[in-house]
Amino acid sequence: MYSFDPTEEQQMLIEAVNKYAANDLRPAARNAEESGELPRKIIAKGWELGLLQASIPETYGGFGERSAVTGALAVEEMAFGDLAGALAVTAPSLFATPISLMGSEEQKREYLPRIVEGEWSPYTAALIEYAFDFDPNDLKTIATLEDGRYSLNGEKAFVSFAKEAQALLVYANLDGQTQAFIVAKEAEGLSISEEREKLMGVNALPLYRVKLTNVKIPVANRLGGESGCAFEQLLASMRIANAAAAVGVANAAFEYSRDYAKEREAFGVKIAQKQAIAFMLAEMRTEIEAMRLLMWEAAWELDTGREDAVKDAYLASTGAADMAMMVTDRAVQILGGHGYIRDHPVEMWMRNGRGFAMLTGLAII
Amino acid sequence: MSIEFDAPKPVANAQFVLKTVAEEMMRPNSRYFDEHEHEIPWDYIEFMHSAMKAMGGNSLAPREPSPSSPPPEDERHRDDGGKRPPIGYQLIAAQMEALSWGDVGLYHCLPGGGLGAAAVHAAGSPEQREKFLARFHGDKPTFAAMCITEAGAGSDNSAIRTRATLDEKTKEWVINGEKIFVTGGDKSFTEYEKLGRGFIVVWASIDPAAGRAGMRAFVVEGGTPGVRVVKLEHKMGIRVSDTAAISLVDARVPFENILGSPTVDQNPTGFKKAMATFDATRPLVAATGVGVARAAFEFLKERLAEREIHIRYGLPRQKLTSIERDVIDMEIMLKSAWLMVIKAVWMADNKKPNALEASMSKVRSGDICTKITQKVVEMLGPLGYSREFLAEKWMRDAKITDIYEGTGQINRLVVARQILGYSGAELR
């Protein structure tokens with residue numbers, strides 16, 4: 001059956017996240033972007049929404065099951081408030097969700113309760129590498145099995161909260177396959193850059209370069225244990241999260257520019273009454289709807305175990321990244337000169353909008 | 001309630017069955033009728049008519065008077081005692097997509113009431129529905145058509161100049177005017193031996209001073225004296241579907257053939273109802289665009305596969321070839337456009353107001369089907385441009401999607417008014 005209504009539970013969650021996004025994340029976003037820091041108080045409040053906790057079974061300290069659709073709905077709402085804030089609040093999922101989905105029993109028992117039962121604490125993952133042709137399925141960070149231990153070598157980029165993270169999930173190339181490895185913060189050979197990454201957008205999110213030089217880890221620390229993990233499923237989850245965040249940012253830009261166009265007067269009418277502006281808005285809304293549905297479908301396919309999920313998550317992520325760029329660019333255009341001024345958020349959203357083409361790996365549902 | 005993307009079984013079944021119909025009955029005829037414009041595809045019409053009868057309905061939709069009229073409560077799929085939500089529009093959308101994948105021009109030649117019956121459905125009384133729609137269950141294939149557009153009134157159809165005046169002595173309406181771009185107008189009006197008697201629904205004003213409030217639709221029976229098909233258009237695409245110009249000179253129509261109130265009241269329901277017809281049909285027309293685009297897209301992928309070119313989904317864009325990027329972009333467009341159609345018709349089935357979603361699906365489909373088919377022709381090079389293959393035809397066929405049933409621009413206007421909360425006066 002086709003159906004496009006979120007469940008009652010999902011609807012309640014959407015409302016709660018939306019409230020947080022609108023009342024907490026959005027008002028703090030500009031300062032956070034300029035100062036490079038989102039107040040921990042705000043992150044803590046977002047953590048209390050319990051998004052991650054609700055996706056982890058009771059046995060491991062949570063109170064639910066992972067639903068990609070629910071996760072996508074929540075990420076969209078949160079990114080509607082602020083992208084950097086959304087990525088900060090959900091950062092521990094980068095570590096916990098892959099363990100919850102594919103970790104060995106020991107890994108789940110060891111890590112999940114301590115992450116979900118307490119307050120927000122920095123756990124993260126390292127996927128992205130600093131290369132123009134970065135490909136998550138062809139990593140340059142290499143894992144080799146030596147004397148009963150894995151040895152990791154390579155360099156990771158854009159690792160959120162790496163400096164303070166208790167542990168990282170490092171993705172590396174093991175015999176041509178991408179696999180994930182749990183690396184403790186005190187591991188020898190692990191070095192984290194002093195300087196934060198300097199990016200075009202999401203500046204409120206602390207991102208670091210991470211170097212791994214002969215980092216030795218026990219075989220038990222490979223995600224999923226000896227048999228490893230199905231990385232394509234994790235990548236699909238990251239791509240859907242990326243698409244959902246793109247839809248959220250685009251929707252923020254759409255609504256803001258729509259409201260502005262209904263206020264701003266030129267030549268005796270509101271500019272929204274001019275077809276040149278009205279048509280732009282109509283196309284923005286149409287594109288957002290198109291990519292939201294594509295993203296929902298991929299999430300639903302992931303939840304129902306369909307093979308298409310991997311490919312469709314890729315399509316959704318690719319399409320949503322383009323859409324977010326188009327929509328945020330037009331939002332700036334609709335505000336004209338004011339759109340270019342940092343008093344309004346649309347220029348920030350446009351800078352964030354470009355990021356979706358390369359930020360897969362900073363969120364997971 | 002939840003978010004789900006499983007095609008209901010009857011929808012999946014229809015897609016499966018109609019693929020064969022499209023392959024066997026449509027594709028082999030595509031080129032011939034494209035090159036023999038105005039020749040009527042009798043074999044196809046008769047085959048489809050008997051096939052539809054055999055399926056127990058008078059159309060490919062179960063008990064639908066036309067693919068574009070509101071579906072009655074469908075009992076055939078209610079094997080769970082009626083608890084299942086209605087899927088009538090979803091079924092029609094899937095059928096239209098599948099048949100348009102075969103040939104969208106031939107899809108328009110599918111016997112049935114089309115937009116004419118849809119207007120009777122939307123604006124007629126129960127007696128009128130019974131009187132005018134029964135014919136589509138007959139032994140012979142029968143057509144009906146909608147006449148709105150005039151030379152001076154296209155998208156702005158409130159500018160219609162056709163007049164209907166009441167002859168008080170005979171209690172007949174006397175209609176005068178010129179209609180153009182009537183899809184299926186010839187098969188609906190001209191009395192062909194192989195066809196049942198059809199009708200055209202003519203929009204005319206009973207009181208020009210009243211503007212939209214004076215606009216009414218009239219059922220004009222096939223063969224009515226004073227009415228003539230004066231021209232069949234020569235078109236860029238969908239050539240097998242006849243597009244007629246119809247002139248009405250003192251055409252006399254029985255009093256009871258008016259749809260809606262015979263007097264001008266304050267409430268311009270007639271016109272609003274006609275426009276409401278479009279809320280229902282826009283996503284369906286969007287579905288036809290998706291069908292054409294999918295035909296071209298699949299053809300492209302097959303040609304590429306023959307040359308051992310396989311699309312490496314999942315690669316970062318920087319590593320993709322230009323061909324791969326184009327194919328991936330097309331697939332994103334195609335899939336999302338279909339989902340927008342599905343959402344719009346799902347809303348119609350569940351009686352949710354869908355003016356926004358209906359128009360958005362039409363905007364999107366018009367955009368993507370023109371882009372995809374044009375890109376396919378480009379990517380296939382000489383093979384794309386050659387009339388040996390159908391790609392060039394699909395590009396010509398696709399273009400109409402962005403024009404009829406509200407141009408892309410009119411639909412943008414509808415979308416814009418919806419999202420801005422503006423009336424027609426506030427956003428012209």
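Student: How many salt bridges are there between chain A and chain B?
Tutor: Eleven salt bridges are counted between chain A and chain B. Keep in mind that this is a predicted model.

Student: Which side chain meets A:Arg306 in a salt bridge?
Tutor: That of B:Asp6, with an N to O distance of 3.4 Å.

Student: And how many residue pairs are in polar contact across the interface of chain A and chain B?
Tutor: The rule finds 22 residue pairs in polar contact there, both residues at pLDDT 80 or more.

Student: What area is buried between chain A and chain B?
Tutor: About 4,800 Å² is buried between the two chains, and carbon and sulfur atoms give 64% of that area. In chain A, the residues that lose the most area to chain B are A:Met1, A:Tyr2 and A:Phe4. Together they make up 18% of what that side buries.

Student: How many residues are in contact on each side?
Tutor: Chain A has 48 residues in contact with 47 residues of chain B.

Student: Switching topic. What domains does the assignment give for chain A?
Tutor: Domain 1 covers 8-116, domain 2 covers 124-227 and domain 3 covers 231-355.

Student: How many residues do domain 2 and domain 3 of chain A put into their contact?
Tutor: Ten residues come from domain 2 of chain A and eight residues from domain 3 of chain A. The centres of these domains, taken over C-alpha atoms, are 31 Å apart.

Student: What about the area buried between domain 2 and domain 3 of chain A?
Tutor: It is about 740 Å², with 69% from carbon and sulfur atoms. On the side of domain 2 of chain A that touches domain 3 of chain A, there are six nonpolar, four polar and no charged residues.

Student: How many salt bridges between domain 2 and domain 3 of chain A, then?
Tutor: Zero salt bridges are counted between these domains of chain A. Two residue pairs are in polar contact between domain 2 and domain 3 of chain A, both at pLDDT 80 or more.

Student: Last topic, cysteines. How many disulfides over all chains?
Tutor: The count over all chains is zero disulfides.

Student: Are B:Cys109 and B:Cys147 buried or exposed?
Tutor: B:Cys109 is buried, at a relative accessible area of 0%. B:Cys147 also counts as buried, at 1% relative accessibility.

Notes. Residues are numbered from 1 along each chain as its sequence is written. Chains are lettered from A and ligands numbered from 1 in the order in which they are written. This is a predicted model: local features need pLDDT of at least 70, side-chain atom pairs count only at pLDDT 80 or more; totals for chains, interfaces and linings use all residues. Side-chain values use heavy atoms; hydrogens and water are left out. Domain bounds come from an automatic or database domain assignment. Contact means heavy atoms within 4.5 Å. Buried area is the accessible area (1.4 Å probe) that two parts lose on being put together, summed over both. A salt bridge is a side-chain nitrogen of Lys or Arg within 4 Å of a carboxyl oxygen of Asp or Glu. A polar contact is a pair of N or O atoms within 3.5 Å; within protein, one must be able to donate a hydrogen and the other to accept it, and residues adjacent in sequence count only if both atoms are side-chain atoms. Ala, Val, Leu, Ile, Met, Phe, Trp, Tyr, Cys and Pro count as nonpolar, Asp, Glu, Lys and Arg as charged, and the others, Gly among them, as polar. A disulfide is a pair of cysteine sulfur atoms within 2.5 Å. Buried means under 20% relative accessible area, exposed over 50%, partly exposed in between (1.4 Å probe, protein chains only).
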